[in-house]
Amino acid sequence: MKSAFLITAAVLLGIAGGLGVFTFGYAKGASYLGHDPAACANCHVMQAHYDDWRHSSHRSVAGCNDCHTPPGLIPKYAVKAKNGFWHSFYFTTGRFHEPIQITPSNRAVTEKACRNCHASIVQAIDPIPAHRPSDALSCIRCHSTVGHMR
Amino acid sequence: MANRRRFWILIAIVLGVAVLTAGLTALLVNIFEHKQEARNPFYRVVELTDETVDPAVWGKNFPLQYDGYKRTVDQVRTRYGGSEAVPRTPTNADPRSVVAQSRLEEDPRLKTMWAGYAFSVDFREERGHAYMLSDQEFTERQHFAKQPGTCIHCHASVYVPYKRAGGGDLIKGFEKLNQMTYFEARKLVTHPVACIDCHDPQTMQLRVTRPGFIEGIRAVKGANYDVNRDATRQEMRAFVCGQCHVEYYFKGPEKRLTYPWFKGLKADEILSYYEETGFKDWQHAITGAPVLKAQHPEFEMWNQGIHARSGVACADCHMPYTRVGALKISDHHVRSPVLNLNNACQTCHKWPEEELKNRIETIQSRTSEMRGVAMDALVALINDIQRAKTAGATDAQLAPARQFQRKAQFLLDFIEAENSMGFHAPQEAARVLVHSVDYSRKGQEALRTAR
């Protein structure tokens with residue numbers, strides 16, 4: 001009786017697990033854990049951004065993750081997980097603003113990435129940056145198309 | 001007891017797993033559907049040839065684009081344009097049950113400006129592409145004066161009818177229909193602007209099919225310019241619209257449709273071409289001046305603006321890319337960008353919709369104000385010439401003032417007839433209007449010195 005119970009439970013969970021693994025694989029889930037910018041255009045919503053980036057000045061020095069995720073393993077995967085969840089959610093439900101717009105927290109991540117790589121020049125412009133960079137001195141306020149067109 | 005508990009746990013696991021698998025399957029199917037959409041499927045269910053006029057046939061291969069195309073029946077107002085559905089009682093002569101609001105009633109000064117011309121009888125706000133043929137066929141202007149077959153050039157899908165009439169030669173057919181009466185030519189066409197007017201049926205590439213533009217653009221680009229061979233893709237995304245949204249006149253007794261671009265695309269350059277040729281549309285009923293009517297010069301005005309400078313074509317704002325599922329298509333519901341701010345403007349301009357709309361309306365209300373001032377100035381000149389005429393001034397005495405009226409009126413009408421209320425090129429619109437006001441002033445001055 002007890003083993004029948006366990007077998008039934010195991011089969012059920014196995015089916016769900018198998019379906020889950022297949023769905024994950026079919027949706028190219030693993031690609032989102034890596035660094036290849038092509039993964040960001042998997043669902044085609046960011047196809048234009050991806051195409052633009054490939055023609056931009058940053059294509060040979062920075063990929064999507066370099067500007068859109070923070071450095072450090074845990075912060076990087078926390079941001080990936082958060083955006084991954086919400087992107088999937090909105091793409092599945094189909095309810096999102098078009099053209100797509102960056103959220104304030106993701107904008108802050110990008111702003112920091114600019115300032116990180118271009119530290120030597122930024123130090124001369126903005127030596128004591130505010131804790132949260134203000135819009136007025138935001139890099140992408142003027143250089144809005146360096147990574148890709150909007 | 002233990003068995004019973006185990007039973008309920010098992011039930012709970014079954015239910016839990018069932019919900020989980022149902023969710024996962026739904027997600028899997030959703031991903032599958034998105035992947036299918038993304039494959040950009042094109043199902044050739046019908047064969048399209050260079051003779052297929054009916055857009056419904058094209059729509060079988062391109063249902064999404066056709067769906068948008070059909071929506072040009074919508075009548076939506078914007079602050080300075082768009083159209084309002086006005087009900088009317090259909091008659092045998094005019095079966096339309098809905099028309100657009102009358103612009104003559106909105107601004108009676110237009111009747112003074114166009115006195116003696118068909119436009120002073122019936123002039124309504126333009127409606128969407130779907131109505132272009134019926135609105136032309138049933139306007140009261142048709143009863144005011146006999147219109148030539150040339151008019152059909154831009155109010156119907158003429159590519160196939162032209163080719164048939166010309167025995168395979170587009171230009172020959174064009175010449176033939178120009179010389180018919182409107183209603184003779186009307187019998188040869190069936191549809192308003194259709195897919196075949198802008199698209200190659202084999203490759204779907206944009207192409208220009210209107211003889212008026214094929215010939216007209218040579219004045220701008222050079223005598224050997226072949227628009228379908230030499231234009232870039234981005235140019236074509238404006239040129240296909242410029243086939244019709246332009247200033248034109250009917251040249252000579254054969255009524256050849258001609259785009260007056262021989263001295264340039266600006267209003268005053270076009271005017272100076274008309275001055276040189278001495279062309280007039282009609283004689284003004286109140287003043288006797290040989291006057292001109294400007295017609296929807298959107299292409300010319302857009303060419304003077306910042307968007308054209310920046311390489312933004314008509315289609316970028318009037319047919320912006322839109323996402324359908326995981327597929328990106330250009331929106332074939334051609335309409336005012338004000339009704340589609342997020343797709344039309346926000347792709348480049350990162351501001352809230354309300355802000356963008358305010359920017360547009362600021363430009364338009366300024367232009368509208370200037371247009372009103374220029375209109376008052378013109379009506380004042382017309383009244384003054386009329387007064388001088390009744391007081392017994394001779395034609396020789398009136399001639400200079402009449403010439404100034406012709407100029408003032410054409411420049412004002414150029415902005416009035418243009419369908420963006422200045423938005424396509426705000427400063428250019430202001431420049432043209434200030435010249436119009438100046439000509440009205442000079443006309444009144446000429447009357448004083450002639451006395």
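What share of the contacts in chain B with a separation of 6 or more comes from residues 24 or more positions apart? The figure is 65%. Two residues are in contact here if their C-beta atoms, placed from the backbone, lie within 7 Å.

This is a predicted model: local features need pLDDT of at least 70, side-chain atom pairs count only at pLDDT 80 or more, and totals for chains, interfaces and linings use all residues. Residues are numbered from 1 along each chain as its sequence is written, while chains are lettered from A and ligands numbered from 1 in the order in which they are written.

Start with chain B as a whole. Its C-alpha trace spans about 120 × 50 × 50 Å along the principal axes. Chain B holds 21 helices and 8 strands. These elements are DSSP runs numbered from the N terminus, with helices being H or I of at least four residues and strands E of at least two. Chain B has 451 residues, and 38% of them count as buried. A residue is buried if 20 or more other C-beta atoms lie within 10 Å of its own, exposed if 12 or fewer, and partly exposed in between, with C-beta atoms placed from the backbone.

Now turn to the contact of the two chains. Chain B gives 24 residues and chain A gives 19. On the side of chain B that touches chain A, two elements give two or more residues: helix 1 (2–38) and helix 18 (341–344) of chain B. Helix 1 of chain B supplies the largest share, 16 residues. By type, this side of chain B divides into 12 nonpolar, 9 polar and 3 charged residues. Ala, Val, Leu, Ile, Met, Phe, Trp, Tyr, Cys and Pro count as nonpolar, Asp, Glu, Lys and Arg as charged, and the others, Gly among them, as polar.

Next comes a helix pair. Helix 19 (residues 353–390) and helix 20 (residues 395–417) of chain B pack at an angle of about 155°, with axes 10 Å apart. Axes are lines fitted to C-alpha atoms, for helices over the stretch in contact, and angles run from 0 to 180 degrees between N-to-C directions. That angle makes helix 19 of chain B roughly antiparallel to helix 20 of chain B (over 145 degrees; under 35 would be roughly parallel, 65 to 115 roughly perpendicular and the rest oblique). Helix 19 of chain B contributes residues including L378(B), L381(B) and I382(B), and helix 20 of chain B contributes residues including L398(B), A401(B) and L412(B). The residues of this contact divide into 12 nonpolar, 3 polar and 4 charged.

Strand 7 (residues 321–324) and strand 8 (residues 327–330) of chain B pair in the antiparallel sense over 4 bridges; strands pair if DSSP finds at least two bridges between them. V324(B) stands opposite L327(B) in strand 8 of chain B. This hairpin has 2 residues between the strands, and G325(B) takes a positive phi near 60°.

Finally, look at the backbone. Most residues other than glycine have a negative phi, and most peptide bonds are trans. M204(B) is not a glycine, yet has a positive phi of about 65°. M204(B) sits in the loop between helix 10 (182–186) and helix 11 (211–221) of chain B. With 16 other C-beta atoms within 10 Å, M204(B) is partly exposed. H44(A), also not a glycine, has a positive phi of about 75°. H44(A) lies in the loop between helix 1 (2–26) and helix 2 (47–54) of chain A. A cis peptide bond joins E98(A) and P99(A), with omega about -5°. P99(A) is in the loop between helix 4 (73–93) and helix 5 (104–117) of chain A.
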